[in-house]
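Open the model in your viewer and keep the sequence panel beside it. The stops below each give a selection and then what is found there.

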Amino acid sequence: MIHTTSKLYNTLHDVMENIKPVMQKQLVSITTKVDNANSFAFYQAGTTNQGTRFYWASADRTLTLVGIGETVAFESDDNGFDAVHHSFGQLLENAAIYNDYEASGTGPIAFGGFAFDPLKEGSVTWGDFPNSSMVIPTYLLTIVHQESYLTINALVEPGESLEPYIAQSVQFMESTFQREQMPYLIQQEEVAPEEWKQIVKDATEDIKRGVIDKVVLAREMIATFSENIPISSLLNVLSEQQHQSYIFAFERGMSCFVGSTPERLVKVEQRSLLSTCLAGTISRGQTQEEDEQLGSYLLHDEKNLQEHDFVVQMIKQAVELCCDDVVVPDGPILYPLRNLQHLYTPVKGKLQQGYTILDVVQRLHPTPALGGYPVEASIEFIRDKEPFHRGWYAAPIGWFDPKDNGEFAVAIRSALLYQNQATLFAGCGVVEDSQPEVEYEETAIKFSPMLQALGGLQ
């Protein structure tokens, strides 16, 4: 670590001199610029705070957020988008925020996510995760455009010293990253594959009868390893392997939801809004010629184009409800990743005054790329037919700040970790001419990014 302990310690104390005495219990947020920081080292340093850490790296790697500790958590058993934003605003009304920087992702940001379907009956697998949880971390490392910032967020009582917070943050910042050996795979089990194929067949029959137009069905894989999975090292591996994907982790209790998703739900920066449609999937080729052939097939395949257009139209309609100047391209382009390539269409607009990023998240979730169309009918089909609980899989995860800047991704290509076990999730869009075996193979491909990072694929 370049930044010496004494320099950081003195910098934080200089900031403290300008802090007014606290007259009542309130949130105090202090942000200072620091020398180049290692996000994985910071995350790893918080091991003693297991269950209250998070990690976020944007797909273009211009922003990384690492949180340790929980100062405030806004949680509920339903997807309380409005309640979260209201509680966040109430907390900030009396907050003392010391932040002289315009850097994105600094200060008292809230990070977390929401369940895919809050009406689905709960499960033991997701027992540590409420249906919505947004957390203001106690210690926040922000790396934006290669500049590093440290924020301390503390609920302070009158007369309480910030000295312990300063000492702890210095300790976190001075840590170095020790990449641990990933444990080896003991067992890999696909959950009820034949039952899942039958559900795909049932879905196509419902589509032919006009009950639904499209439904996205997911399935599980359970991987067991020789030892507990080191999360900081897994995040490091995902970052190296999955370029152009968001890297995320969110811990609650003894569990950690982690993934490398390519799918943005929405980004808002100074009222400029960007949402993207990423629907329609095919594998990468072994050679450049094969890769181009597969990409060309995807761009002209009627099933994938139909699936993609469902999502584009829904996003466009949702965005138009709260945005001006909405722009949508005429057709999709290819979005290549390490293991897969997708059809991609951006949707842009200007967020109207009076609307927040959570308003947009609520309108967009679930998109037809993760649920289906019509939305209510497809979600009901999933709720009744899927033999497991999605929890936070395929749901919004991300962050926002007091100025309503922020970004949420769709939590796919993901796994729920619990000690030495990983439950992986993968889904695919089912339309009228879908074939169960083909859809099964597509989900098998989608398991590969996370399975490879965990060491289950060589």
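Start by selecting helix α9, residues 357-364. Six of its eight residues are buried, so α9 is largely enclosed by the rest of the structure; buried means under 20% relative accessible area, exposed over 50%, and partly exposed in between, with a 1.4 Å probe and protein chains only. The buried residues are Ile 357, Leu 358, Asp 359, Val 360, Val 361 and Leu 364. Helices (H or I, at least four residues) and strands (E, at least two) are DSSP runs, numbered from the N terminus.

Two notes on reading the stops. This is a predicted model, in which local features need pLDDT of at least 70 and side-chain atom pairs count only at pLDDT 80 or more, while totals for chains, interfaces and linings use all residues. Residues are numbered from 1 along each chain as its sequence is written, and side-chain values use heavy atoms, with hydrogens and water left out.

Next, select Gln 341 in strand β18, residues 340-351. Is Gln 341 buried or exposed? Its relative accessible area is 2%, so Gln 341 is buried. Show polar contacts (pairs of N or O atoms within 3.5 Å; within protein, one must be able to donate a hydrogen and the other to accept it, and residues adjacent in sequence count only if both atoms are side-chain atoms). A polar atom of the Gln 341 side chain lies 3.1 Å from the backbone oxygen of Ser 283, and a polar contact of 3.4 Å joins the side chains of Gln 341 and Asp 291. Leaving aside residues up to four places away in sequence, Gln 341 touches residues including Gly 280, Leu 294, Leu 298 and Tyr 335, where contact means heavy atoms within 4.5 Å.

Now select α7, residues 288-300, together with α8. Their axes come within 5 Å and cross at roughly 60 degrees; axes are lines fitted to C-alpha atoms, for helices over the stretch in contact, and angles run from 0 to 180 degrees between N-to-C directions. The two helices are therefore oblique to each other, the class left after roughly parallel (under 35 degrees), roughly antiparallel (over 145) and roughly perpendicular (65 to 115). Leu 298, Leu 299 and His 300 in α7 meet Glu 302, Asn 304 and Leu 305 in α8.

Stay on α8, residues 302-320, and pick Lys 316 and Glu 320. They form a salt bridge with the closest N and O atoms 2.9 Å apart; a salt bridge is a side-chain nitrogen of Lys or Arg within 4 Å of a carboxyl oxygen of Asp or Glu. The two residues are four apart in α8, about one helical turn. Glu 320 is partly exposed at 39%, and Lys 316 is partly exposed at 28%.

A search of the whole structure finds 19 salt bridges. For another, select Arg 219 and Glu 190, whose side chains meet at 2.8 Å, N to O. Arg 219 lies in strand β11 (214-225) and Glu 190 in strand β10 (185-190), so the pair ties together parts 29 residues apart in sequence. Arg 219 is buried at 1%, whereas Glu 190 is partly exposed at 28%.

Finish with Arg 252 and Glu 70, a salt bridge with its closest N and O atoms 2.9 Å apart. Arg 252 is in strand β12 (246-252) and Glu 70 in the loop between β3 (63-68) and β4 (72-76), 182 residues apart. Arg 252 is buried at 9%; Glu 70 is partly exposed at 36%.
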